[in-house]
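Trainee: Before we discuss the fold, please put the model up. I would like to go through its sheets and helix contacts by question and answer.

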Amino acid sequence: METPGSQTSLHRANLERVVRAVRMAGSLTQAEIARSTGLSAATVSNIVRELKDGGTVDVTPTSAGGRRARSVSLSGDAGIVIGVDFGHTHLRVAVGNLAHQVLAEESEPLDVDASSAQGFGRAEQLVNRLIKATGISQDKVVGVGLGVPGPIDMESGTLGSTSILPGWSGINPSKELAGRLGVPVYVDNDANLGALGELVWGSGRGVRDLAYIKVAGGVGAGLVIDGQIYRGPGGTAGEIGHITLDESGPVCRCGNRGCLETFTAARYVLPLLQSSHEADLTMERVVQLAREGDPGCRRVIGDVGRHIGSGVANLCNLLNPSRVVLGGNLAEAGELVLGPIRDSVSRYAIPSAARQLSVLPGALGGRAEVLGALALVQSEMGDSSLLDSSLPAGAPAFT
């Protein structure tokens, strides 16, 4: 029996600290594990050896700072995670292992707004197809991360705004997909998953405080505070699209006037250009034309950047993040949009907060949310099954 405070209990706790650090980072050197966990180098070395002998981690030679080192990652056989990202116009699915390697990924067009049943049916088919294509046994799947383009009510698990996805009213996305796939499903909104994806895989690596801004059909922010996604008690933290910029401005879908979304989201921006450009203009096309020098598109992109910067300035004054990452198609505009964002931050944010902030484009593009869904599973899953499977034969079982 394990007794609290005993050597067995302490060893178990140290195993969990090492596995959790490696699980979240993807791979770490033993020196990095020691720094992140506070354990001594000797303790880390012994634990890594035990986990390697049990098949839970792989250890490969690498270099760090010009010196030879050993990189530790979870074994590719330790488990499989799946990411599912519902956008308003697409479905993207990725299959990865616990070593942060993407094994298969596919995207297809989908009108998510039309029908939740159709969306979940397509997701189930695509997940099963990718699992089959990788040749992986389904019993290796430890969980699914699911992203949806709307806030999740943290108490009920349902979508918190029927005006965003009217066809999903009353749906619990986690229960719906878990019932179809037979594995645990962890759900979050797309902005939070974009933040998690960039934090683990992209432009947010190495920081503890981050805001990920996504501009598409709406405007949302995924907030990372001290290394953790901040959702708020109701799950609506980061809805900066509904910061009021002009009380006499256009009526927003939320019922207020002059929300940030009404000056930046595609549904409001594209009509400004349709009289002088093609009727089926998209934001992707606007960004492309702006990069090619089209004056109207450059003006619109610049205006959008300045409005986003006003919202970012509010975030700076309230939360003082060290980095803001712009995601979605708009990030492809580069300095055409990032420069105006920085200008507005400099003008409206507290000077000390503005000086500490870096504004960067996302590194993952349209993959940020689905990779964030993979990372969500890794952050929510427990370590018990990994640790118990790593025990060598004859070792005492932990309870």
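What follows is a set of questions on sheets, a helix pair and an aromatic pair.

Mentor: This is a predicted model, in which local features need pLDDT of at least 70, side-chain atom pairs count only at pLDDT 80 or more, and totals for chains, interfaces and linings use all residues. Residues are numbered from 1 along each chain as its sequence is written, and side-chain values use heavy atoms, with hydrogens and water left out.

Trainee: In what order do the strands of the three-stranded open sheet lie?

Mentor: Helices (H or I, at least four residues) and strands (E, at least two) are DSSP runs, numbered from the N terminus. Two strands pair if DSSP finds at least two bridges between them. The edge strands, each pairing on one side only, are β1 (27–29) and β2 (57–64). The pairing is antiparallel and the order is β1-β3-β2.

Trainee: Which residue of β3 is the bridge partner of P61?

Mentor: β2 and β3 (residues 67–74) pair in the antiparallel sense over eight bridges. The partner of P61 in β3 is R70.

Trainee: At what angle does α3 run to β2?

Mentor: Axes are lines fitted to C-alpha atoms, for helices over the stretch in contact, and angles run from 0 to 180 degrees between N-to-C directions. Contact means heavy atoms within 4.5 Å. Helix α3 (residues 41–53) lies across β2 and β3, and its angle to β2 is about 135°.

Trainee: Why is α10 called oblique to α11?

Mentor: Angles under 35 degrees count as roughly parallel, over 145 as roughly antiparallel, 65 to 115 as roughly perpendicular and the rest as oblique. The axes of α10 (residues 295–319) and α11 (residues 335–348) come within 7 Å and cross at roughly 40°. That makes the pair oblique.

Trainee: How are the rings of F86 and F120 arranged?

Mentor: Rings of Phe, Tyr and Trp (its six-membered ring) pair if their centres lie within 6.5 Å; planes under 30 degrees apart count as stacked, over 60 as edge-to-face and the rest as tilted. The ring centres of F86 and F120 are 5.7 Å apart and the planes stand at 90°, so the arrangement is edge-to-face. F86 lies in strand β4 (residues 80–86) and F120 in helix α4 (residues 116–134), 34 residues apart.
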